[in-house]
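Colleague: Could we go through the aromatic contacts and the strands of this model together?

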Amino acid sequence: MDKEIREQLKRQLKAERQVIIGTFRTDGMPEKLLRSLRQSVDAVLTAAWHHAHLPANTALVGVGGYGRGELFPYSDVDLLILLEVAPDAETTEKLEALVQLLWDLGLEIGSSIRTVDECLSESKADITVQTSLLEARLICGDEPLFEQLQARYDEAMDPQAFFQAKLLEMRQRHAKYEDTAFSLEPNCKESPGGLRDLQVILWLVKAAGLANSWRTLATSGLITQAEAKGLMEKERAFKDIRVRLHLHAGRREDRLVFDVQTAIAESLGLENTGSGVEMRRASEYLMQRYYWAAKAVTQLNTILLQNIEERLFPREEHAVQINARFNDVNGLIDMRDDDTFTQTPSAILEIFLLMTERPSLKGMTSRTMRALWNERFLIDAAFRADPANRALFLRILQAPKGIIHALRRMNDLSILGRYLPNFRKIVGQMQHDLFHVYTVDQHILMVVRNMRRFSMAEHAHEYPFCSQLMANFGQPWLLYLGALFHDIAKGRGGDHSTLGRVDAEQFCREHGMSDADTELVSFLVEHHLDMSQVAQKQDLSDPDVIAAFARKVGDERHLTALYLLTVADIRGTSPKVWNAWKAKLLEDLYRVTLRVLGGQPHSTDHELQNRQQEALATLRLYGLAPDAHLAFWKQLDVAYFLRHDASDIAWQTRALYDRFNSEQPVVKCRLAPIGEGLQIAVYLRDQPDLFARICSYFDRKNFSILDAKIHTTRHGYALDTFLVTEQNFAKSYRDIINLIEHELCGALTHPEPLSSPSKGRLSRLSRTFPMQPTVDLRPDERGQYYLLSIAANDRTGLLYAIANVLAKYRLNLHTAKVMTLGERVEDVFLIDGAALGNPRNQLQLETDLLDAMKV
């Protein structure tokens, strides 16, 4: 091709593209942009084709999305160069020149060169090729040849096989995206409920010859006109978002990641509202709209897939009457009359109860789902006030099986949100707290699911202690109700626990629950965060801490209920948040509080005696002489024995009983008894900056510190114990243990000046939602020590940076609780030191800590 023509086409393509995108930024019409970009590329391709001088019996065909007549700003232009016969050398050379030219013009080309026979052969072998040819469109060239391809393709199409293959492909894709439309960073094209799900439906009906658009789908009776209109609206919204993602990124990008959500929301005209704790980000409005749309698509797709399957795989209907309103039709529940729900509105809840009572029912017929979806508006104030409906809802929660499936179906069909209006407010609501990975409604249902698993024998191996407690807990449905309400007030501003208690108490009163049951559910909602905070932030060796917590829970039933909800809640936030250390802290708090509630005082003397006796029993198993521990234990005070488990005391005694006056550092390491991470004990003469030096070593090794117990013996030795984790511990823990014992001992034997803390990078999530670091310094209740509480975005080197500041002020560290919640850390240190006696020093310490936590 002439160079001048090539440059002309290139300029034409660029200029038209700029105009089209500029028009979109003004009118915001995605379909117009997609069509205009496709037409612009069509024109350039046609011109290039004519200048290529290819044989007459060839054709240029658009396939895939481009064949469908749509072109997103940075999507590939999928082309098929169709030949009548295999190309000779001359034609091959011209074809290669054409493809190179198209790339030179700036087009992202996805091309294939095939004869009709080759197209059919590839289509038979690969469902992806078969799908792309389904949307083939002639751009230019030999029209009879293209028509021959279409005729033979249609003849070869097996709609039933195509349906099964696309259904399997869709299930695999959904599994890749965790089978949820409610990911906090969804892919608007590939995630469940996104554009691809809509395209699958159109492919299936086109392949079966049932329809070729949403409108013809409605006329064919597969969906209603209103449903077709709704799907077109959702499709347009997803296309709009995808176009904006491409333009914002300047490349092909289909993921609504945190980094871009605000920009996309603002481009759609959405704004932040409110301020402070009541502020709602523009991105939250965007994502809630997205989730509502994806939820609707998911539900309508389920209906459509059933209808298409019934057309493609007709079978004899076998109906068994369940009651006057419902039948069992081939394993699916079906309403007996079209007006079942309008005539008997309570049947809207009854159907979910029936599905919990009949495990043989695998789902609902499409007409029943459609009717539920369309008649959900029958659930109004009068419906909610009807005692029969209230009784039905409670019976669903009290069902022995199928509760979580019922609640999820109710949420998918917007029944749950209609019955519980406050639940509807949190459907699709984002959580920007850096550790939740689900929307509020999905988190709540995940917590209910976790609670249910405690009561199921097949899951007893997951959390044996929780399963044991649940097995002995009367009326477990009260726990499910507490879980259902625990976060229902998120996003309203104010304390969601207090607001949620009001909602829960009102629900219980309206549903005729007893005073005792109402109080338990309300207690769980109001205090669902308390047990976690006590276990992870307070000193469990302090009798006053345990006594105060015991007074709050009041009795064993409340304690057990709160423990089960706490475990289920933490497990339902994110796979990253739960670990064996948190499990141990919670179980320890439960057991010691239970003893206090049972009348056994949590006295220092009693606890000290128990731990020492248990540790001595273990030491006898090691073969130590009966008095071998005495000299070492004389150097340890009561605080040491109260802050360490008997197994830790025995382990450290065995390692140090004959080296407690050692002039060389002693470092001992073992697999943590909790089953996760490593436990490291460091013993040497106390020295300034010791905690900072140890943290510096762990920082260099990329170890995460879960817990630290700092102790100074009566004769001036530091005995510090750390619980650390790292991704590769399980693979080669023996080598790592030897390495730590050798290297850390060497680093403490020959100390070097402390290096400046590195400013580790924040994660992408933390950069998108940065939290303002906070520092809180206050005396403890006895006035003996100071409690230093720190909260910040997590990053590499953060703990060392904090330790460095403490070293600068020559502060003594007694305990450290390091809590990581996803991308956020909340650390609590018990400290003292002469510098804290001056209020000015306290203020400067807080300032220096805030500076150290900045990135």
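Predicted model: local features only at pLDDT ≥ 70, side-chain atom pairs only at ≥ 80, totals over all residues.

Colleague: How many aromatic pairs does the structure hold?

Modeller: The structure holds 23 of them. In one, the ring centres of Phe 465 and Tyr 590 are 5.5 Å apart and the planes meet at 75 degrees; an angle over 60 counts as edge-to-face, so this pair is edge-to-face.

Colleague: Which parts does that pair tie together?

Modeller: Phe 465 belongs to helix α23 (residues 464-471) and Tyr 590 to helix α30 (residues 580-597), so the contact links parts 125 residues apart in sequence.

Colleague: Are Phe 465 and Tyr 590 buried or exposed?

Modeller: Both Phe 465 and Tyr 590 are buried.

Colleague: Let us turn to the strands. Which sense does the pairing of β1 and β2 have, antiparallel or parallel?

Modeller: Strand β1 (residues 58-62) pairs with β2 in the antiparallel sense, over five bridges. Within that pairing, Val 61 has Leu 80 of β2 as its bridge partner.

Colleague: And what joins β2 to β3?

Modeller: Seven bridges do, and β2 and β3 (residues 109-115) run parallel. Leu 80 stands opposite Ser 112 in β3.

Colleague: How many residues of β2 are buried?

Modeller: Six of the seven residues in β2 (residues 77-83) are buried, so by the under 20% criterion the strand is mostly covered.

Definitions and conventions. Residues numbered from 1 in each chain as written. Heavy atoms only, no water. Phe/Tyr/Trp six-rings, centres within 6.5 Å; stacked < 30°, edge-to-face > 60°. Helix = DSSP H or I, 4+ residues; strand = E, 2+ residues; numbered from the N terminus. Buried < 20%, exposed > 50% of the residue type's maximum accessible area, 1.4 Å probe, protein only. Pairing = 2+ DSSP bridges.
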